[in-house]
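Please look over the sequence and the structure before reading on.

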There are 2 protein chains.
Amino acid sequence: MDVRALATLRAVRTQGGVTAAAEVLHLTPSAVSQQLATLGREAGVALTERVGRGLRLTSAGNALADAAGDVAVAIERARAACDVFLGSPVGVVDVSAFQSGAQLLLPGLLTRVARLGGITVRCTDEDVAQDDFAALTDRVDIVVAHRPDGGAEWTDAGRGLRVVPLLREPLDVAVGVGHPLAGRDDVRAADLVDQDWIAVREGFPVARVLAAVAAASGSTPRVAHRINDFSVAEALVAAGHGISLLPRHTAGRSAGVRLVPLTGVRAGRRVDALLRPDRAERLVVRTVLDELVALAGEIDRG
Amino acid sequence: MDVRALATLRAVRTQGGVTAAAEVLHLTPSAVSQQLATLGREAGVALTERVGRGLRLTSAGNALADAAGDVAVAIERARAACDVFLGSPVGVVDVSAFQSGAQLLLPGLLTRVARLGGITVRCTDEDVAQDDFAALTDRVDIVVAHRPDGGAEWTDAGRGLRVVPLLREPLDVAVGVGHPLAGRDDVRAADLVDQDWIAVREGFPVARVLAAVAAASGSTPRVAHRINDFSVAEALVAAGHGISLLPRHTAGRSAGVRLVPLTGVRAGRRVDALLRPDRAERLVVRTVLDELVALAGEIDRG
DNA sequence: GTCGTGGATGTAGCGTCGCTTCATGGACGT
DNA sequence: ACGTCCATGAAGCGACGCTACATCCACGAC
């Protein structure tokens, strides 16, 4: 029962295939395949079964992968047990965030962590669909993700995902300064029919919020553009090419845009930190996470 | 954080040294030493410190060894997770027992387990002092041990020892058929002053029971011989060389001996099964243990 | 139908890592 | 002071797991 092989099995499940697993493990598909073979030989039962040109875990494979999660946690706990004797935690933590979250949180996080000394934070910005956030936890330690407030939870492919709430951000209606609604203190769903919308791509986190807002006024939104990057969307709004739903703390920095609060409908997004349970045991990771939570709390309050 | 190195660290703690650990792990002391060195390098802190010509774990080493126990458990759980898909458990289980316990339990255990099919039980008889029973759990899967009833618990050197009670056996006074007490239905402590005793060696499980019995009559026992093997002791009793305290179910088989119950003092021994927690996760081990418990229950009742 | 692609799996070969063997150096007891 | 016990270092060897390459199968395109 090699621990590395157990980790490989988990990766095959979460990534959905040998090649993808090999990717996150920095191995060749052949190595992954060989590890699965030897593991299955040891176990005495088939752990995987072919389906089409890919494969999936058998029930035995799933059971073993579940147990493998606990093994990984136990090992990281062991490492952490040493680290407490090592003074303040030291090391490198990989953080991934979607663009607007990165813009909102990463600068502050880096300065906060820099004050502690000895911890290196490596940032990546990732733009993925709602269902793909969890898979990122195989690549980095902390994933900053967002989802519609009140919407679906995170899809966790048997990973025991740790979800740490960071903040809730209202979604305001962004209009150009020349727009008829620009002077309003607030707007209702009914005020928003017959507008050109700048929305995000289908399947991406706040896509469904717009549909919900429109549904409140009994209409379907007219989508002129699909732009995932909020700052690009904001530029389009400023230029008068449509209106958009933008997060309050992140958007509204450019002069040509007004953010008008939306009343009568609950529109917002939740920003969460996602971690794989074994990674969550690492002391450096916990430290960085604590800073992230504290920072988000400050933003959330004021 | 190699799992084998973690297991080695645990063995060094429980066995109290590099050489002894190497023994139970079937390695050379050099290999153990090298594993500790690399583990300490990874951990970044010293895990061991020299004391005299041996060594002991530092506090960091102890913390890591504790965590290593959980790692071992998690891994065995993973193995067990596969075994449930494998039909009835198969494999080999090593059992160790002290002589009289072995005589009482092992024959029945072997026939019971043989009925299940596919499980090989390897038996060993071990005669060790009270404090050394726990250390045997590094060598075999199940240790059948005994201790004075009401006496000290098992000394567990940070091993998280699993203790499974098997049975309680009263200690009777064994006398030769020609002895004045042979006709009695029971005896009291006061009847036993000024007798030649056949006791067990100092530090061995039921040694203190005799002292307790004597104390009840306000005297100190006169020990003529120190014999650890109860059947040898019984032969001496039969030949009239003294009297002894012998377990009721185990002794009294030879014609020249009478077992007379002792009243007014609570004299007995408890027989327990001792397991290392990781070993206790193995499905075969659990199966054999269940049979052992059932068998002991039968003996205890009738 | 054929062809091309994507993905999993075998085989050969090589590097690396951990073991054993042997030698060294302290610490304790006689 | 010597011998013994125990942990540790250096050299060498074997084994294991990886990469690279080839093969095979399933699916989709034309």
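Predicted model: local features only at pLDDT ≥ 70, side-chain atom pairs only at ≥ 80, totals over all residues.

A:R279 is buried, because its relative accessibility is 18% and buried means under 20%.

What does A:R279 form with A:D141? The two residues form a salt bridge, and their closest N and O atoms are 3.1 Å apart. A:R279 belongs to helix α8, residues 277-281 of chain A, while A:D141 sits in the loop between β4 (119-125) and β5 (142-148), so the pair ties together parts that are 138 residues apart in sequence. A:D141 is buried too, because its relative accessibility is 4%.

In chain B, B:R279 and B:D141 meet through their side chains in a salt bridge, at 3.1 Å from N to O. This pair links distant parts of the chain. B:R279 is in helix α8 (residues 277-281) and B:D141 is in the loop between β4 (119-125) and β5 (142-148), 138 residues apart. B:R279 counts as buried because its relative accessible area is 17%. B:D141 is also buried, with a relative accessible area of 4%.

**A partly exposed pair**

Chain B has another salt bridge, between the side chains of B:R222 and B:D196, at 2.9 Å from N to O. B:R222 lies in strand β9 (residues 222-226) and B:D196 in strand β8 (residues 196-199). The two residues are 26 apart, and the pair links distant parts of the chain.

| Salt bridge | N to O distance |
|---|---|
| A:D141 and A:R279 | 3.1 Å |
| B:R279 and B:D141 | 3.1 Å |
| B:R222 and B:D196 | 2.9 Å |

How many salt bridges are there over all chains? The count comes to 50.

**Cysteines**

The count of disulfides over all chains is zero. A:C82 is buried, because its relative accessibility is 0%. B:C123 is partly exposed, with a relative accessibility of 35%.

**Chain A as a whole**

Chain A holds nine helices and 13 strands. Its C-alpha trace spans about 70 × 50 × 30 Å along the principal axes. Of the 302 residues in chain A, 52% are buried.

Which residues form the negative surface patch? They are A:D2, A:E42, B:D2 and B:E42. The patch therefore draws on residues of chain A and chain B. A:E42 lies in helix α3 of chain A, residues 29-43. A:E42 counts as partly exposed because its relative accessibility is 46%.

**A backbone detail at H26**

A:H26 has a positive phi, near 60°, and is a residue other than glycine. A:H26 lies in the loop between α2 (18-25) and α3 of chain A. A:H26 is exposed, because its relative accessible area is 72% and exposed means over 50%.

B:H26 also has a positive phi, about 60°, although B:H26 is not a glycine. Where is B:H26 found? B:H26 is in the loop between α2 (18-25) and α3 (29-43) of chain B. B:H26 is exposed, with a relative accessible area of 73%.

B:V164 is part of strand β6, residues 162-176 of chain B. B:V164 is partly exposed, because its relative accessible area is 21%. B:V164 and B:V271 are 107 residues apart along the chain, and their C-alpha atoms are separated by 8.9 Å.

Terms used: Residues numbered from 1 in each chain as written. Chains lettered and ligands numbered in written order. Heavy atoms only, no water. Patch = residues over 30% accessible without salt bridge, like charges linked within 9 Å, V, L, I, M, F, W, Y side chains within 5 Å. Areas by Shrake-Rupley, 256 points an atom, 1.4 Å probe, with all protein chains shown as cover. Salt bridge = Lys/Arg side-chain N within 4 Å of Asp/Glu carboxyl O. Lys, Arg positive; Asp, Glu negative; His and termini not counted. Charge placed at Lys NZ, Arg CZ, Asp CG, Glu CD. Helix = DSSP H or I, 4+ residues; strand = E, 2+ residues; numbered from the N terminus. Buried < 20%, exposed > 50% of the residue type's maximum accessible area, 1.4 Å probe, protein only. Disulfide = S-S within 2.5 Å.
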